[in-house]
Structures are given as structure tokens and as C-alpha cells.
Amino acid sequence: MRSATPAWIVASETALIAAAPFVYWRMPHDFGSDGYLRLEATRALAHGQLLDTPYSLVMSIAALPLYHFGDILAEFNMLVLMIGLAVFAAILWRHVPLTI
């Protein structure tokens, strides 16, 4: 069954969805809210210390290898978000009909 949506709208939406991660990547990434506390926990882990924080250390441990590459920890959070969105889109792509 063919969709009633014009092809140019489908192409425009697809282009915007594909461009969104690149645009988001170019935006300034900074730490706010609990991000600064998590960064301090990652810094402490990098120096062999363990801080008593109210937050889980799972993401700090996962980001630890990236800490030694410089200031890319904010991009790590964005990368985790994009991977999650890609998995979500793949699941939806299989289970939602395109004619909606």
C-alpha cells in the first residue's frame, strides 16, 4: 500500500532526520546540573580515587577511556544519546507500518 504523503515531504523529513545528529554534534556541549559532579567522579577515577557521589558510577566508568583523549566527555554523552535514538528508530522501523 502506498502512502498518501507526497514524495517531497517524505524526502524533506528524511533529510532533516539524517541531518539532526550532525547539527547537534556541532552545537556547544557543556556540563550542567549533575554533569559536573559526574565529571568530577570521572576525574577522580582517572587518578585512582573513588568519590562518594549520589549518582551511579556506571557512565563515569564507561567514559573513563575517553577522559585521557581530552575534552570529549560531553560528546560521549551525545554519542550515547544518538546510539539510543538509532536503536529506538530501528525497533520502530521493524514494527510500525510505513503507511501511517
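Predicted model: local features only at pLDDT ≥ 70, side-chain atom pairs only at ≥ 80, totals over all residues.
Figure 1. Leaving aside residues up to four places away in sequence, Ser-60 touches Arg-38, Ala-41, Thr-42 and Leu-45.

**Figure 2. Helix 2, residues 35-46.** Helix 2 comprises twelve residues, which at 1.5 Å a residue should span 16 Å. Buried positions in helix 2 are Gly-35, Leu-39, Ala-41, Thr-42 and Ala-44. Just after helix 2, Gly-48 adopts a positive phi of about 80 degrees.

**Figure 3. The crossing of helix 2 and helix 3.** The two helices pack at an angle of about 65 degrees, and their axes are 9 Å apart. Helix 2 and helix 3 are therefore roughly perpendicular to each other, because angles of 65 to 115 degrees are assigned to that class. The crossing of helix 2 past helix 3 is right-handed.

**Figure 4. Residues at the contact of helix 2 with helix 3.** From helix 2, the contact involves Arg-38, Ala-41, Thr-42, Arg-43, Leu-45 and Ala-46. These residues meet Ser-60, Ile-61, Leu-64 and Tyr-67 of helix 3. By residue class, the contact of helix 2 with helix 3 consists of six nonpolar, two polar and two charged residues. Ala-41 and Thr-42, which take part in this contact, are among the buried residues of helix 2.

**Figure 5. The chain surrounding the close-up views.** The chain contains four helices and zero strands, and its elements run α-α-α-α from the N terminus on. Of its 100 residues, 12% count as buried. Among contacts between residues at least 6 apart in sequence, 37% join residues at least 24 apart.

How values were computed: Residues numbered from 1 in each chain as written. Heavy atoms only, no water. Contact = heavy atoms within 4.5 Å. Expected span 1.5 Å × (residues − 1). Buried < 20%, exposed > 50% of the residue type's maximum accessible area, 1.4 Å probe, protein only. Axes fitted to C-alpha atoms, helices over the stretch in contact; angles between N-to-C directions. Parallel < 35°, antiparallel > 145°, perpendicular 65-115°, else oblique. Left-handed = near helix turned anticlockwise from the far one by under 90°. Nonpolar A, V, L, I, M, F, W, Y, C, P; charged D, E, K, R; others polar.
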